[in-house]
Amino acid sequence: MDLEVPDHLRPLRERVLRFVEDRVYPLEPVLDRGMHDDQEAADAMRRLMAEARSEGLWALGHPAEIGGGGLSFLDYVYVNEVIGRSEQALWALGTHSLQDSLMLQMHASDEIKERYLLPLVRGDIIQSFGMTEPDVASSDPTQLQASARLEGGEWVINGHKWFTSHAHLAAFTTVMVRTEPEVQGSGAFSMIVVPTDTPGYEIVRAVPTMGSTDGDHCEVVYHDVRVPEGNLIGARGRGFLIGQQRLGPGRIFHCMRWLGQAQRAFDLMCERATTRVAFGSPLADKQFVQEMIFETAAEIRACRLLTLDAARRIDAGDPARVEVGTIKVLGARMLHNAIDRAIQVFGAKGVTSDTPLDRMYRHARFARIYDGPDEVHKATVTRILLAPYRSRDRPATNGSRTTSEAGVPAR
Ligand SMILES: Cc1cc2nc3c(=O)[nH]c(=O)nc-3n(C[C@H](O)[C@H](O)[C@H](O)COP(=O)(O)OP(=O)(O)OC[C@H]3O[C@@H](n4cnc5c(N)ncnc54)[C@H](O)[C@@H]3O)c2cc1C
């Protein structure tokens with residue numbers, strides 16, 4: 001497989017990279033203070049967003065018909081790799097809303113599209129997504145308790161969610177709730193758009209996480225929240241499927257972002273290793289440090305290959321469940337390892353806020369939990385891998401009948 005960026009994308013990718021490195025990086029210390037509480041951060045972000053728009057770099061992966069740049073899925077995958085070098089660049093370049101925009105474009109009514117989707121893509125408003133609940137293990141969403149009942153043409157919603165990221169900044173939350181109490185399992189849930197200023201929608205707190213003061217992940221209580229019946233996304237009982245659909249390509253986007261972050265950590269590590277001298281020579285001359293550089297480069301390259309393979313399969317219409325589950329686990333691990341090693345090579349400076357590594361490290365730790373914890377993906381992938389061995393139609397002992405060389409069931 002060719003790892004190279006396609007020729008037609010190089011100029012655009014380079015312009016995006018320049019924007020991220022030259023304009024977003026220097027502002028990160030300000031932006032990291034959080035748009036919610038800090039006026040200087042909010043103003044700086046608004047300026048960057050305006051620059052991105054005027055330079056044709058805004059929302060590049062969003063479909064053109066909803067106001068985006070209209071890049072194809074695969075082209076965007078390569079561009080996303082450089083956007084992902086900075087978490088703040090996702091906001092500055094208008095790409096953070098992509099998953100939710102695609103979901104609304106595919107499933108929302110025309111009225112919801114007009115009111116929320118188009119302003120979302122323009123960057124006039126922010127979205128949030130509410131599935132996880134503090135009181136149940138939400139890796140198994142069939143346990144979710146929040147509910148909605150139809151009453152006089154309105155949904156009446158009650159429940160308790162948390163980790164509704166950015167709800168304190170958002171104009172609306174797409175919430176997953178139980179609407180079909182008589183149905184068992186995944187068919188019991190629907191998605192409903194709830195404006196965050198609806199009476200009864202109460203943000204209890206923005207939960208601080210791992211030393212961050214700017215809690216982004218909100219705990220939200222719904223007390224008899226009433227929204228119009230037409231705020232339903234897709235059909236009743238299809239919430240689970242819509243959620244899965246939202247996450248599939250989203251995991252490819254995450255992995256490409258993580259590759260960008262890992263590359264940034266690698267660059268920082270190598271710059272430090274070649275300029276810092278200990279015991280008479282640069283750190284880069286020490287074999288233990290070289291090992292860290294080697295392992296990081298190898299993991300980045302392997303992960304990139306796997307991610308691009310998964311992306312191409314998805315682009316060809318294959319759900320690629322084995323590949324996507326695999327890269328979600330390996331990608332998050334690769335990211336964590338890369339940043340961890342960079343911190344090690346930086347020594348004490350690596351754990352200070354004088355480099356971006358401390359914040360990157362926190363995000364890397366999150367990556368092993370959101371969009372499905374590692375263990376859930378491992379269980380899913382392993383179930384698929386074992387299926388042919390468990391069935392009567394077992395592969396021949398050399399595996400050649402039903403498995404590929406990689407041990408992945410032949411399609
Ligand atoms: C930074 C961040 C942002 C997030 N943003 C959002 C958001 O915007 N909206 C939203 O709705 N949610 C969000 N989440 C929540 C995330 O989706 C959930 O944390 C995740 O689904 C796991 O649910 P849980 O926390 O209830 O963990 P639990 O379900 O309680 O699981 C705890 C642990 O149990 C283990 N485990 C679970 N199932 C299995 C299994 N089958 N086999 C083996 N081990 C297992 C895993 O180690 C897992 O980490 C976010 C989380 C983080 C960290």
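Which residue's side chain does a polar contact of 3.3 Å join to that of Arg359? The partner is Asp32, whose side chain is linked to that of Arg359 by this polar contact, a term that denotes a pair of N or O atoms within 3.5 Å, where within protein one must be able to donate a hydrogen and the other to accept it, and where residues adjacent in sequence count only if both atoms are side-chain atoms.

## Basis of the description

The model is predicted, and local features need pLDDT of at least 70, side-chain atom pairs count only at pLDDT 80 or more, and totals for chains, interfaces and linings use all residues. Residues are numbered from 1 along each chain as its sequence is written, and side-chain values use heavy atoms, with hydrogens and water left out.

## Overall architecture

The protein has 11 helices and 10 strands, taken as DSSP runs (H or I, at least four residues, for helices; E, at least two, for strands) and numbered from the N terminus. Its radius of gyration is 22 Å, close to the 22 Å that the globule rule gives for 411 residues, so the protein is as compact as a globular protein of that length; the radius is taken over C-alpha atoms, and the rule is 2.2 Å times the number of residues to the power 0.38. Along the principal axes, the C-alpha trace spans about 80 × 65 × 40 Å.

Of the 411 residues, 53% are buried, that is, under 20% relative accessible area, with exposed meaning over 50% and partly exposed in between (1.4 Å probe, protein chains only). Among contacts (heavy atoms within 4.5 Å) between residues at least 6 apart in sequence, 70% join residues at least 24 apart.

## Two buried arginines

Arg359 lies in helix α10, which covers residues 357-367, and is buried with a relative accessible area of 14%. Arg246 belongs to helix α7, residues 239-275, and is likewise buried, at a relative accessible area of 13%. Not counting residues up to four places away in sequence, Arg246 touches Gln99, Asp100, Met103 and Phe129.

## Phe366 in helix α10

Helix α10 also holds Phe366, a buried residue with a relative accessible area of 18%. When neighbours within four places in sequence are left aside, Phe366 is in contact with Thr209, Met210 and His217. The C-alpha atom of Phe366 is separated by 16 Å from that of Met131, a residue 235 residues apart from Phe366 along the chain.
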